[in-house]
Amino acid sequence: MPAPGENMKINGERLWESLMEMARIGPGVAGGNNRQTLTDEDAEGRALFQSWCEQAGCAMGLDQMGNMFAMRQGTDPDALPVYVGSHLDTQPTGGKYDGVLGVLGGLEIIRSLNDLGIKTRHPIVVTNWTNEEGTRYAPAMLSSGVFAGVHTQDWAYEREDAKGLKFGSELERIGWKGEEEVGARKMHAFFELHIEQGPILEAEGKQIGVVTHGQGLSWTQVTITGKDSHTGSTPMPMRKNAGLGMARVLELVDEIAWSHAPHAVGAAGHIDVYPNSRNVIPGKVVFTVDFRSPELAVIEDMENRLKAGGSEICKDMGLEIAFEKVGGFDPVKFDEDCVAAVRGAAERLGYSHRDLISGAGHDACWINKVAPTAMVMCPCVDGLSHNEAEEISPEWAAAGANVLFHAVVETAQIVE
């Protein structure tokens, strides 16, 4: 099928205006957004999105996890739809673009096709996946995970937030629980546009990231137990300092990650120290080691070396150590044809681009299990995300949406 002409582009000003209008719902305290999943603000954002989709002539579908599907009909009733989208929920102190750019970029495809009077053989469906962020209800990418069969719906409904409110009951409360069976839809392909959430594209002056892989993730909760005692009166040879043990294990984590440079990373972001008193030597520490790599064998090597090396460190210090795998997912290799469509679109439109490995998890990582999938990324200032200061330019947004437009429409096949 013919590729879209290079002069076929989205309306960048309209896309930017839509981003700014959505950002007025659930404003943050420092210029960003707090539109957490299944809150009243989430419901309001969904309603605005639905109204825009209906104005564009789309029919809205809603499944039992609250996933939204706005369909523009194709000319072939037997052709599977091409799906495009991301998420509208944000972090508690989130930015205006994380996820939202992918949803509204998908809507802009529909609007632009309408403007140009272009028909496609395959339907195009713009999707808003529920609870991608995973901050109010863990884990992240919860509803796309149910769609892909990674989680059961009953399990997802039982997830509780910090106040003990369950996902299922809150979904009903805000009025966005649909009747459609989750995962019943079949996809011809799925594309997701997202900000990079890292510094590579901006640092290298590239306009587009062609995402070939998604990093796998491993979370190991480590508990080191020693003996809490007085910091002043306990002689150095008689201390069983769990905090010092943790420090040495974290040095090991850094060493392990560096040994698999440049694509592997590792650190501990969540740390609890007990009793956490100024004049008490820590008797226990609990921390979670986050290892990531696009290669499963590398993740397994890092896990094994953490356990072996951590055990040796603590044995030498007279400490006890325990390991518990508390989360993770395997690396993702995106569909070669879909990736080629993204790369070809960037080249056809004359945008500077490079291949990227996504360091963060995205709904596309789960949908890749059930449909051919690829991602497009645009730069963000200083690589900053999950922060109210998250920023992109209108030009970056338009470039990403144009590449998305071409990849999606080429895959959906223009009808001459």
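Me: Before anything else, what counts as a polar contact?
Reply: A polar contact is a pair of N or O atoms within 3.5 Å; inside the protein one of them must be able to donate a hydrogen and the other to accept it, and residues adjacent in sequence count only if both atoms are side-chain atoms.

Me: And what am I looking at, with which cut-offs and numbering?
Reply: This is a predicted model, in which local features need pLDDT of at least 70 and side-chain atom pairs count only at pLDDT 80 or more, while totals for chains, interfaces and linings use all residues. Numbering runs from 1 along each chain as its sequence is written, and side-chain values use heavy atoms, with hydrogens and water left out.

Me: Start with Q36. Which side chain does Q36 make a polar contact with?
Reply: The side chain of N34, at 3.0 Å.

Me: Where does Q36 sit, and what does it touch?
Reply: Q36 is in the loop between α1 (12-23) and α2 (40-55); helices here are DSSP runs of H or I with at least four residues, strands are E runs of at least two, and both are numbered from the N terminus. Setting aside neighbours within four places in sequence, Q36 is in contact (heavy atoms within 4.5 Å) with D42, D89, T90, Q91, P92, T135 and R136.

Me: Is Q36 buried or exposed?
Reply: Q36 is buried, at a relative accessible area of 18%. Buried means under 20%, exposed over 50% and partly exposed in between, with a 1.4 Å probe and protein chains only.

Me: Switching to annotations. Which residues does UniProt list as "binding site"?
Reply: One "binding site" annotation, from an unreviewed entry, covers H87, D98 and H194. Another set under "binding site", also from an unreviewed entry, lists D98, E133 and H386. UniProt positions follow the numbering used here, feature names are shortened, and annotations may be inferred rather than shown by experiment.

Me: What about the largest pocket, which of D98, E133 and H386 are in its lining?
Reply: The lining takes in D98, E133 and H386. On a 1 Å grid over the protein atoms alone, a pocket is an open set of points where a 1.4 Å probe fits, with protein on both sides within 12 Å along at least five of seven lines; lining residues have an atom within 4 Å of a point.

Me: D98 is in both lists. What are its surroundings?
Reply: D98 lies in the loop between β3 and α3 and counts as buried at 4% relative accessibility. Its side chain makes a polar contact of 3.3 Å with that of H386 and one of 3.0 Å with that of H194. Beyond four places in sequence, the contacts of D98 include H87, E133, Q197 and E390.

Me: And H87, where is that?
Reply: H87 is in the loop between β3 (82-86) and α3 (100-116). H87 is buried, with a relative accessible area of 0%. A polar atom of its side chain lies 3.0 Å from the backbone oxygen of D89, and the H87 side chain also has a polar contact of 3.1 Å with the side chain of E132.

Me: Which strand holds H194?
Reply: Strand β5 (residues 189-195).

Me: Is E133 buried or exposed?
Reply: Buried, at 8%; E133 belongs to the loop between β4 (124-128) and α4 (142-147).

Me: New topic: helix α8. Which residues are buried in α8?
Reply: A242, G243, G245, M246, V249, L252, V253, I256 and A257. Seen down the axis of α8, they fall within an arc of 165 degrees, so they line one face of the helix; the arc is that of the directions from the helix axis to the C-beta atoms.

Me: What do those buried residues of α8 pack against?
Reply: β7 (216-225), β9 (265-274), β11 (284-293), α9 (296-317) and β12 (320-329). On the other side of α8, E251, E255 and W258 are exposed.

Me: What is at the start of α8?
Reply: A side-chain oxygen of N241 comes to within 2.9 Å of the backbone nitrogen of G243.
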